[in-house]
Amino acid sequence: MKKTLSLLLATGMVAGTLAGCGTTATSSSAAESTATSTAESTASATADSATADAGLAADITMWTYPIGKFKDAETVDGIVKSFQEKNPGVNIKVEYLDYTNGDDQVTSAIEANTTPDIIMEGPERLVSNWGAKGKMVDLSDLWTAEAKADINATSASIEAACKAADGAYYEYPLCMTTHCMAINKEMFEAADALQYINEDGTWTTENFGKALQALKDSGIDTTGVVYCGGQGGDQGTRALVNNLYSGKFTDDAHTAYTADSDANKKGLQQLVDWCGAGLLSFDTAAVASDELQLFANGTIAMTFCWNASNQATYAESVTFTPMPVAFPSDDGKPELCGGIWGFGVFNNGDDAKAAAAKAFIQYICDDATQGPASVQLTGFFPVRASYGDVYAGTEDEARMAAFSAYMQYLGDYYNVTPGWAEQRTAWWNMLQQIFTGTSVEDASATYAAACATAIEAAK
Amino acid sequence: MGNGKSTLMAGQKPTVFNNAIVRQQTISAYLFLLPAMVFFVGFVVIPMVMCLATSFFNYSMGKPFEFIGLNNYLEMFKDQVFLKSLRNTFVLVAVAVPTVTAFSLWVSCAIYQMHAIKRSFFRCVFYLPVVTGTVAVAVVWKWMFNKYTGLLNYILNATGILNENVSWLGDAKTALWCIILILFTTSIGQPIVLYVAALGNVDPSLIDAGQVDGATPFQVFWHIKWPQIMPTTLYILVITTINSFQCYALIQLLTSGGPDNSTSTIMYYIYYEAFKLYRYGYGNAMGVILAIIIALLSALQFKVTGSGATD
């Protein structure tokens, strides 16, 4: 009896185990869903087929990084629902990534062949990373002549950023912005340092130095912090270094990183000198979010990592006026780093899914009503010139107007240069080195060598 | 298990009937083992074999999967970041393992004879960082080490020990020691609980006999308690060594290996190469080397402490 019972128990356990294994294919995505998302929404097809597109029928998944309100399940559910009213055959599951773990989750998904159908982020990931590695679907059919004309009317660099070296388009863009810096207006007023900033928000390198001195003289211990801890926000430090003496981050063809140019080395040395004189501070452990928090707390007078989205994020927590300004440049003509966000489709070998994914992307980006609304949700600006001011008449109109003024300073979108991931690490290492005793000459040479190796390896 | 003779009574001859019983018992034993075996093979053995096999290939996302022999291993020993990570890992292990073991033993000796409530209180205090999530621990320590608003700088400046703020996690001279300190606080909980239990199980009659014979407290500890808790010590040494070698989350959350790779460990560098640069083959080769190092050190620990356990 005991033996029979033992055998029954053992059989039951094995069956349970195998049952668990048997459901791996379906449950793995659920497990990943839990791991990858802070919230998840699954909108099922509605029965309303009055405006149904009978040609589209697929279950697709979309992963979004936290871009404006595209991190909010309720908001994205609304878009999915309105799309499904016209396309009842398409089921869309949305999962939400964060910037801390998102890339690792996508990498794991690529290796496990469990990638989503749609992913929302920028060209540095979609085009120069996953696209260049053959993981994405060519979206050339979305880039119609009309779309190209409309987008190029805003900036030709957008199309260039979304197009890979092989001529394929791996991203269809929705919105863009320029990254700027911001100052604590009250602190600057109290230090009589506002005089060094032009009315249009630009300032020269010389005046920036004077403003730092004025702030220091007024008793502000830490005026600003050059953060070097890695993990994002590098566009702020890049723009700061490049603009000081009109350096370029890459060559025009995006084939080489040029932080070791004379102009950039001069900019790096200037930062070291300001830090040495106590006019500016550095923290090799701080990441951009740490610096932003110091700014939001009122501990420091400026941040090098600002944009419309950050302003919206910190609007309620700050007790001062965060005033967006351009990065200081020797000629007073800044070149700001751009951010482009849009959608890509992973190549999962299923044409029906790819077609449904493209239809959904087109709905989000190009639909006459949904397109401008989608841009508003991101908190950035439309890539389509025909959308005009999508914030006109909204409560965000004045705030966004302050940032749209900087769109004219949009610089080259060099984030698609090969070896980008290695370059980012080398960049942080270089900043850490120059602020801890290594000469700018040596540190920038090390950086250049690391980048050259990365570019060679990417071929 | 599976040995038919061992299940027979002394002098009993094996019969067909007995053999059938033994076979049935063996089958049922294997069936009971099967669920665990499935997981062990699926999630440990097969990944280990795949890791070893792919370490001989150029296995990178978007690149042809090609056999490159020992190239990954040869590259590793020319890679300055790997060598720096290896050195950092050894420093971390060399400092963390003895200090964690010694401190845990000292605390356990001090609290194991206390009243149950007091003993439980101390066990809770020391175990708390273990059950607290790594992210929460890292956030709290990051705040304490913050250059501008950190508690440590505030106290040291207020007491006159420092006259300017220090970026504890941003200075190559201090960053690794900060990581070791945090690792220490999160590592002592389990050894203390184990040592308290082990010391409680030491035969009191031996201690009494030793004391009657005039042994000093140190002699009682060294000649009576220490040999009896040696198996626990061995377990603690092996587990702490492995955990220290695998220190990754704290580094990822606090320093990302910086400044200038001064806190990069092998585990972090494996993550960086595999997940940031998509060089899975190279990452796997480093994983193989790490596994070999841990295995050798564990074997050494067994050799050194194992003899003490049988005294």
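The model is predicted: local features need pLDDT of at least 70 and side-chain atom pairs count only at pLDDT 80 or more, whereas totals for chains, interfaces and linings use all residues. Residues are numbered from 1 along each chain as its sequence is written, chains are lettered from A and ligands numbered from 1 in the order in which they are written, and side-chain values use heavy atoms, with hydrogens and water left out.

Contact (heavy atoms within 4.5 Å) involves 40 residues from chain A and 35 residues from chain B. The size of an interface is often given as the accessible area lost when the parts come together. Buried area (the accessible area, 1.4 Å probe, that two parts lose on being put together, summed over both) is about 3,100 Å² between chain B and chain A, with 57% given by carbon and sulfur atoms.

Two salt bridges (a side-chain nitrogen of Lys or Arg within 4 Å of a carboxyl oxygen of Asp or Glu) are found across the interface of chain B and chain A. One salt bridge joins the side chains of A:Asp290 and B:Lys142, at 3.2 Å from N to O. On the side of chain B that touches chain A, at least two residues each are supplied by helix 1 (16-54) and helix 13 (266-276) of chain B, helices being DSSP runs (H or I, at least four residues) numbered from the N terminus. Helix 1 of chain B provides the largest share of that side, eight residues.
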